[in-house]
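Q: Hi, I have a chain open on my screen and would like to go through it with you. Could we take it piece by piece?

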Amino acid sequence: MPRKKHSLANAAELRFRSDSISEALEALTSWAGSLLGALGIFLVAGVIVAAFLTWVFTELAERVMSGGTQAFDEAILRWISVHHSKALTSAMLEITTLGTGTVLIMIVCVAALFLTLTNHKYSALLLLVATGGGLLLDLVLKLQFNRPRPHIFIWGTQAFGSSFPSGHAMGSTITYSTVAYLAARLHRRAWARWLTMSVALLVILLIGVSRIYLGVHYPSDVLAGIIMGLAWAAFCMATLEGIQRFAERRAPEVKQAEEPAPATKS
């Protein structure tokens with residue numbers, strides 16, 4: 001009789017262990033599925049976009065370093081030099097300040113503070129990581145390529161460091177596109193989201209043009225800065241979207257805090 005009770009106890013213990021293992025495996029499978037299905041899709045998409053843009057940047061950099069773009073770059077600068085005017089120069093000097101480090105840092109600090117106060121701490125963290133990482137990446141690329149700045153005509157503003165890629169173009173692309181993306185997520189109307197992103201794109205392009213107009217960058221420098229800035233920003237944005245989708249199952253409070261405003265047709 002005692003042996004029978006002992007056998008029944010062992011069988012019950014085995015079933016309990018088996019059920020516990022099955023539950024653990026099921027939980028692990030569910031977690032892995034949500035991770036790969038939600039987080040992975042957006043991260044893979046972001047990585048693909050970033051990888052493609054990085055490849056484009058690499059191809060452009062090879063042409064620049066081999067002198068393949070030099071004639072084109074100089075031709076554009078010479079054409080611009082004969083179309084200068086006092087009014088346009090004044091406007092370009094104002095526009096180019098929008099891409100200086102001081103202005104970009106202030107924009108990031110104000111936007112991050114607003115996002116933090118409205119409980120969008122992951123968005124604020126994304127903004128800080130995107131801009132901080134972009135600054136570091138720009139420094140590494142400038143040291144790597146070390147391209148001399150153009151001297152086709154007298155510069156219209158001061159500039160320091162190497163020319164490729166354009167720090168103003170890259171920093172502006174990362175900062176304005178990321179801020180616009182985060183702001184667009186808070187808009188309730190679809191047209192307002194598109195308007196926000198369009199204005200950011202226009203500002204980025206104008207800052208890039210101002211660097212060429214003022215003679216401190218070749219066109220290829222500006223193009224490279226915009227491409228690399230978009231690559232880094234796209235990856236950071238995809239990371240936030242991935243975190244949002246993953247949080248739907250694993251951390252609902254994150255999803256609620258970071259919930260984008262619903263789009264409307266009107």
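Q: Which side chain does the side chain of Ser-220 join in a polar contact?
A: In this predicted model, the side chain of Ser-220 is joined to that of Arg-147 by a polar contact of 2.8 Å.

Q: Okay, and where is Ser-220 found?
A: Ser-220 belongs to helix H8, which covers residues 219–250.

Q: Does Ser-220 count as buried or exposed?
A: Its relative accessibility is 5%, and because buried means under 20%, Ser-220 counts as buried.

Q: What else is Ser-220 in contact with, leaving aside its neighbours within four places in sequence?
A: With those neighbours left out, Ser-220 is in contact with Leu-60, Val-64, Thr-69, Asp-73, Arg-147 and Phe-164.

Q: Which other residue has a positive phi although it is not a glycine?
A: Asn-119 is one of them, with a positive phi of about 65 degrees. Asn-119 is found in the loop between helix H4 (101–117) and H5, and with a relative accessible area of 54% it is exposed.

Q: Let's change topic to helices. How many helices and strands are there in the chain?
A: The chain has 9 helices and 0 strands, and its elements, read from the N terminus on, run α-α-α-α-α-α-α-α-α.

Q: How do the axes of H6 and H7 cross?
A: The axes of H6 and H7 come within 9 Å and cross at roughly 170 degrees, which makes H6 roughly antiparallel to H7. Among the residues making the contact are Tyr-176, Ala-180 and Ala-184 of H6, together with Met-197, Ala-200 and Val-203 of H7. Sorted by class, the residues of the contact of H6 with H7 are 10 nonpolar, 5 polar and 3 charged.

Q: And what about H3 and H7, how do their axes cross?
A: The axes of helix H3 (residues 86–97) and helix H7 (residues 190–213) come within 9 Å and cross at roughly 125 degrees, and H3 and H7 are therefore oblique to each other. The crossing in which H3 passes H7 is left-handed. On the H3 side the contact is made by Leu-88, Thr-89, Met-92, Ile-95 and Thr-96, while the H7 residues include Leu-206, Ile-207 and Ser-210. By class, the contact of H3 with H7 has 7 nonpolar, 3 polar and 1 charged residues.

Q: Which residues does Ile-95 touch?
A: Ile-95, which is found in helix H3, touches Leu-206, Ile-207 and Ser-210 when residues up to four places away in sequence are not counted. The C-alpha atoms of Ile-95 and Ile-204 are separated by 9.8 Å, with the two residues 109 apart along the chain.

Q: One more residue: what does the side chain of Thr-178 reach?
A: The side chain of Thr-178 reaches the backbone oxygen of Ile-174 at 2.6 Å. Thr-178 lies in helix H6 and is buried, with a relative accessible area of 0%. Leaving aside neighbours within four places in sequence, Thr-178 is in contact with Leu-126, Leu-127, Ala-130, Thr-173, Ala-233 and Met-237.

Q: Finally, the chain as a whole: what percentage of its 266 residues is buried?
A: Buried residues make up 39% of the 266 residues in the chain. As for contacts with a separation of 6 or more, residues 24 or more positions apart account for 80% of them.

Note on methods. Residues numbered from 1 in each chain as written. Predicted model: local features only at pLDDT ≥ 70, side-chain atom pairs only at ≥ 80, totals over all residues. Heavy atoms only, no water. Helix = DSSP H or I, 4+ residues; strand = E, 2+ residues; numbered from the N terminus. Buried < 20%, exposed > 50% of the residue type's maximum accessible area, 1.4 Å probe, protein only. Contact = heavy atoms within 4.5 Å. Polar contact = N/O pair within 3.5 Å; in protein donor to acceptor, adjacent residues only side chain to side chain. Axes fitted to C-alpha atoms, helices over the stretch in contact; angles between N-to-C directions. Parallel < 35°, antiparallel > 145°, perpendicular 65-115°, else oblique. Left-handed = near helix turned anticlockwise from the far one by under 90°. Nonpolar A, V, L, I, M, F, W, Y, C, P; charged D, E, K, R; others polar.
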